[in-house]
Amino acid sequence: MKKNVRSSLSVKIFLLTCLLLCLISGITYLCIARMMPAVYTNQLEEKLGQAAEDLKKELERHDSVENAASVLDYFEADHQASVIILDEEGNEVYPARETAVYEESVSEDLVSDMDMAGVGISDEQAAEEAHDSSAASAEQVQNAAEEVHDVSAGSAEKVQVTAEASDIYTVEGAGTKSYSIKVGDAAYTMLVRGTLQQVSQAVEVLKSILPYIIAVIAAASFICALGAAFYLAAPIRRISSISQDMAELRFDRKCSEKRRDEVGILARNLNALSEKLSVTIKNLQEANRQLKSDMEKEREQEQKRTAFFAAVSHELKTPVTILKGHIGGMLKRVDGYQDRDYYLERSYEVTDSMEGMVQEILTISRMDAQEGITKKEKLDLSEIIRRQFAQMVELMEQKGLDWNVEIPEHIYCMADESMMNKVFRNLIMNAVRYSPEGERITVRVRENEGEIFCGVENTGVHIPEEALPRLFDAFYRVDDSRNRSMGGSGLGLYIVKMALEYHQAQFGACNTDQGVSFYFSMKNT
């Protein structure tokens, strides 16, 4: 079971897709984490450089740096950068340092005055007074700063902006850029330094959301891999199942894929292959059945020929032995053979019987050779029956036989004329030969729904039921001594059988109330 799971295409596609998605997502995250600070820094520096150029132009439109303090404060707050302006001696003109110097001097003067006055105070009082003096100093410093910045804008906001700019200045930032500017009549150097605070914040955000990103990547990879496995492997599993049925020669299932990609093309090609294989195999099976049938027929024909020649050998052996005995006895003047005329007459009769048998054997041989040759033509069976009766009228009159012919004026069919002549001649001759004197011979022919029915009945005799199926075998005789005395070769009904089989007719023999009937039916086309 585990081996089947490991070898499953769905599992392989799922694992491979999930691994690739996780790998791609991880590489993407690492690229963003590595490249974003540099790209962001370059963008900030470029933006800051452009803003610094604009600031330079704006400052040069003012009379003094003090008048442009509000512009500088706004620049620092807007771009999160620090700006330092130095005069020609290298002293800082912006940001102003007077506030800090003034506060320090006030504190020192206050302490000195208190000491000189000899006021004894405790540490707590000194701290409170120092605090008060510091507060007073701070208030004075604030008032001084307000007076300095009243020229450009509201003082309280500017002090706050200045404090923020000072804080920013202490943050680690990008490289400092230097610009030479001229404000009023004085020349200055402006130092602009950007900060990477935004970049650092973005990096910290990326680090903080890393667990969530990992969870999202894992969930998305699982869902996408599951969908990919189903989308890619499901049709392949169906195609594999159908191909397995085809391998077992079952072609009843078809691929129902409607996709236009290679999987859909494979499914349609498999359907076409299935149809062609199905047709081919059916044709092969039909050809195989036909071949088996032909082989069976050939085997039966060979068995019939073998049995026929064995029967011929047996049938010819008796008259040849008789002839040999008669001729040998007469040549050696054996007692009993003195009456040569008698034995010559007997030998002539045997020879005549052998000649008839040989003629019928030749007829069978020719019919057998013509079995695969179609020589059918439109015949009038009524006319053939009339001709055969006309040839045997004298023989029937000698035996005192009566006859009755129940046939239509004309009845047509597609058949071989020579074979149908042999069929009716042998059937009528057989009826005449084996009918007792004074009996009746009846021939009936009728047509019904494209099929012709023929029957030849002779009265006065019956055949044992067990002998009826063998009447059409070569040299078969119901009563061997009786049939030999009547001059039959035993091949007449066999010739009838061959001719009727050639015309694919149904035939047989049966006992009737008054005698025996030989019948057959065949198509009229």
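Visitor: Does Cys18 count as buried or exposed, and at what relative accessibility?

Guide: This is a predicted model. Cys18 has a relative accessibility of 18% and counts as buried, because the cut-off for buried is under 20%. Cys510, with a relative accessible area of 30%, is partly exposed.

Visitor: How many disulfides does a search of the whole structure find?

Guide: A disulfide is a covalent bond between the sulfur atoms of two cysteines. Here the search of the whole structure finds zero. Cys18 is thus in no disulfide, and the nearest cysteine sulfur, that of Cys22, lies 4.3 Å away. The cut-off for the sulfur pair is within 2.5 Å.

Visitor: How many salt bridges does the structure hold?

Guide: The count is 12 salt bridges.

Visitor: Take Arg61. Which residue does Arg61 form a salt bridge with?

Guide: The partner of Arg61 is Glu58, and their closest N and O atoms are 2.1 Å apart. Arg61 is exposed, at 60% relative accessible area, whereas Glu58 is partly exposed at 26%.

Visitor: Where do Glu296 and Arg299 lie?

Guide: Both belong to helix 9, residues 262-331, and they are three residues apart, about one turn of the helix.

Visitor: What parts does the salt bridge between Glu457 and Arg444 tie together?

Guide: In this pair the closest N and O atoms are 3.3 Å apart. Glu457 is buried, with 13% relative accessible area, while Arg444 is partly exposed at 39%. Elsewhere, salt bridges with shared partners join Asp245, Glu248, Arg250 and Arg253 into one network.

Visitor: What is the average pLDDT of the protein chain, and where does pLDDT stay under 50?

Guide: The chain averages a pLDDT of 76, and 80% of the residues score at least 70. Over residues 98-173 pLDDT stays under 50, and the model has 49 contacts beyond four places in sequence for that stretch.

Definitions and conventions: Residues numbered from 1 in each chain as written. Predicted model: local features only at pLDDT ≥ 70, side-chain atom pairs only at ≥ 80, totals over all residues. Heavy atoms only, no water. Salt bridge = Lys/Arg side-chain N within 4 Å of Asp/Glu carboxyl O. Buried < 20%, exposed > 50% of the residue type's maximum accessible area, 1.4 Å probe, protein only. Helix = DSSP H or I, 4+ residues; strand = E, 2+ residues; numbered from the N terminus. pLDDT = per-residue confidence, 0-100. Contact = heavy atoms within 4.5 Å.
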